[in-house]
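Dear colleague,

I am handing over the structure shown just below, and after it I set out what I found on going through it. Please read the notes with the structure open beside them.

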Amino acid sequence: MAKGVWIVAEQRDGALRKVSFELASTARKLADQLGEEVAAVLCGSGIEALAAELGKYGVDKVYVADSPALEPYTTDAHASAVAKVVKENDPSILLVGASAQGKDLSAALAGKLATGLATDCTEVKIADGRLLAIRPMYAGKCFGEVVIMANPQMASLRPNVFTIVENPKAAAVVKFDPGLGEAKTKVLEVQKEAAGKIDVAEANVIVSGGRGMKGPEGFGILEELAGALGAAVGASRAAVDAGWRAQVDQVGQTGKVVSPNLYIACGISGAIQHLAGMSSSKYIVAINKDAEAPIFAKADYGVVDDLFKVVPALTGEVKKLLA
Amino acid sequence: MGTEVYSVPMIPPINEHQNTGCALQVCVSGKEEDVNIVACVKQVPDTEAQIKVKGDGSGIEEGGIKWVMNPYDEYGVEEALRLKEKLGGEVTIVCVGPARTMETIRTALAMGAEKGIQVDDPTLYGADAYATAAALAAAIKGVPYDIIFCGQRAIDDDSGQVGSVLAELLGIPSVTLVTKLEIDGAKVKAVRPIEGAQLVIETSLPCVITATKGLNEPRYASLPGIMKAKKKPVDVKNAAALGVAAESKSKVAKFAPPPARPPGKIICADDTPEGKAAELAKLLREEAKVI
């Protein structure tokens, strides 16, 4: 019988990513309710030392595949390795981060393992001994409670939504042979963006701009506010389609669906597609000179005024508070 | 972009059951550089649609919804057409869904694809990603293919799995969220964003590519394109004809509207931008505790 709550730990360049700790903490909670163990799968090259770090967040056992063929991440190598160890051990639940890599990996794994996957969940719990995964659908216009009839029951968890809880365990390391065949894909190049840039999908705080920014140069004041807050800068579809901002920064139904702690919408009127993509943020601030803009209906705090005056003043206030 | 380029099929008609399974070389039919391209499409509610959950939570109210081609699939269809226009070949559109999805298939044919396959079977209505991918795989196995395009996700269920599962079921590689694609012989070079970086990934045909925004700017169907599309062949098949049994691995047990947000505050302060900014910063710090 399938047993155990498993996670796929995500590492990049030899360091565990934050979502791995969110996965571990969540898995621990589910496993305690089921009276089962938490295990993590960790793949890469020269990464064995990371296993102990996972123990800090409640992982009992870490299955490690350490091979140069697993670095950098490719879909086929990682999916093959994880599928192999999962098939050998038959866990009941498998959680993966809904990061760029995790979404890619989890979908390929669902295919290899012939199971169901609830993507980008914002809540997971146990009901009647099975996983109940709650996830936004239609970019957040509604929510679905997903049950999975096969094993392992897979869910990918939206980064930054699940709480990290320390719960030290010994984290026994079990090495496994990834059993890789000939590589079908390889990474030719990694083109890194400017250091320190935070991706909107993983940010705690997002400062977002729309048509009201009036042009690409308008985003300068948002960059400054984001810098003061340690935030990512997002954009509405209007701003992206106008070529003011990069596509990877777009928030909304045809961009990224986000749930930060704080979302500051500047000069964004609030088209339904945009509101869908950000309305599960914990706190929403709208700064817009049009008091009738639909964004205010979603905002916890609204400022009706000229954003080109409010935003720089807000940056000053934030700097004072955080000094 | 501009006007559509139409190539009258020069290759002899393909016996659909002649080449089952993966095409392992670029030239499975016709002249050497011809590429057999498949683009999978889904019909979804328009992004403008208000989504209303049925009273019993069993699904969403479909009345009044305007149905469109999934925006990410449009990028896939467009890339398929550009590839065909460059290398020669054929684009086959494959769609799983009820009768209404014929309109979406016709849209893709009007954009320039040659033919379509509609998998319409009541047992597949509301199918999950796995069952949908299995139906697509069964339909695609009946046609020659060198490259398969899917949207990176459908904007209704937002699952983002079908392309990857399809690739696994066909035993071919996949590259997801592609923003740039180059094909050279059987070599495929694709660019995909991850957090803070762009990856340049190499793989080989046959493969599945999932398209995302940035890959191209999809064309609109021209009027002559729309007229021609009416006469293009669309094969309608049910699950039995494809030899697949719908086997969803997951289901949405209950749909719910998003949690209501408490009413917000409009910050007035002393009515100067500076005063409002100071008040806002204070509330974010002391009340919301988010900075």
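The contact between the chains takes 78 residues from chain A and 66 residues from chain B, where two residues are in contact if their C-beta atoms, placed from the backbone, lie within 7 Å. On the side of chain A that touches chain B, the largest share, 9 residues, is supplied by helix 4 (residues 100-113) of chain A. Helices (H or I, at least four residues) and strands (E, at least two) are DSSP runs, numbered from the N terminus. Sorted by class, that side of chain A has 38 nonpolar, 19 polar and 21 charged residues; here Ala, Val, Leu, Ile, Met, Phe, Trp, Tyr, Cys and Pro count as nonpolar, Asp, Glu, Lys and Arg as charged, and the others, Gly among them, as polar.

Before going further, please note that this is a predicted model, in which local features need pLDDT of at least 70 and side-chain atom pairs count only at pLDDT 80 or more, while totals for chains, interfaces and linings use all residues. Residues are numbered from 1 along each chain as its sequence is written, and chains are lettered from A and ligands numbered from 1 in the order in which they are written.

The strands also cross from one chain to the other: strand 10 (residues 142-148) of chain A and strand 13 (residues 250-256) of chain B pair in the antiparallel sense over 6 bridges, two strands being paired if DSSP finds at least two bridges between them. Within this pairing, A:Gly144 stands opposite B:Phe255.

Strand 10 of chain A is in turn paired with strand 9 of chain A, again antiparallel, over 5 bridges, and A:Met137 stands opposite A:Cys142 in strand 10 of chain A. The hairpin of these two strands has 4 residues between them, and A:Tyr138 takes a positive phi near 50° there. On its other pairing, strand 9 of chain A is joined by 5 bridges to strand 8 (residues 123-127) of chain A, and the two run antiparallel; the bridge partner of A:Ala127 is A:Arg130 in strand 9 of chain A. That hairpin has 2 residues between the strands, with A:Asp128 taking a positive phi near 55°. Strand 9 (residues 130-137) of chain A is mostly covered, with 6 of its 8 residues buried, and a residue is called buried if 20 or more other C-beta atoms lie within 10 Å of its own, exposed if 12 or fewer, and partly exposed in between.

As to domains, whose bounds come from an automatic or database domain assignment, chain A has domain 1 (5-175) and domain 2 (200-322), with their C-alpha centres 31 Å apart. Between them, 11 residues of domain 1 of chain A are in contact with 12 residues of domain 2 of chain A. Chain B is divided into domain 1 (35-242) and domain 2 (261-291), and 45 Å separate their centres, taken over C-alpha atoms.

The largest nonpolar core has 202 residues, and those with the most contacts inside it are B:Ala39, B:Ala135, B:Leu136 and B:Leu166; such a core is a set of buried Ala, Val, Leu, Ile, Met, Phe, Trp, Tyr and Cys residues joined through C-beta atoms within 7 Å. Helix 3 (residues 129-141) of chain B gives the largest share of this core, 10 residues. Leaving aside neighbours within four places in sequence, the contacts of B:Ala135 include B:Val96, B:Val119 and B:Leu242.

Helix 1 (residues 71-87) of chain B has 17 residues and reaches 25 Å from its first C-alpha to its last, close to the 24 Å expected at 1.5 Å a residue, the expected span being 1.5 Å times one less than the number of residues. Of the 17 residues of helix 1 of chain B, 13 are buried, and just after this helix B:Gly88 takes a positive phi of about 85°. In helix 7 (residues 273-286) of chain B, the buried residues include B:Pro273, B:Lys276 and B:Leu284, and what covers the buried residues of this helix includes strand 16 (262-266), strand 17 (283-288), strand 18 (301-304) and helix 8 of chain A.

Finally, A:Phe308 is found in helix 8 (residues 307-322) of chain A, and this residue counts as partly exposed because 17 other C-beta atoms lie within 10 Å.

With best wishes
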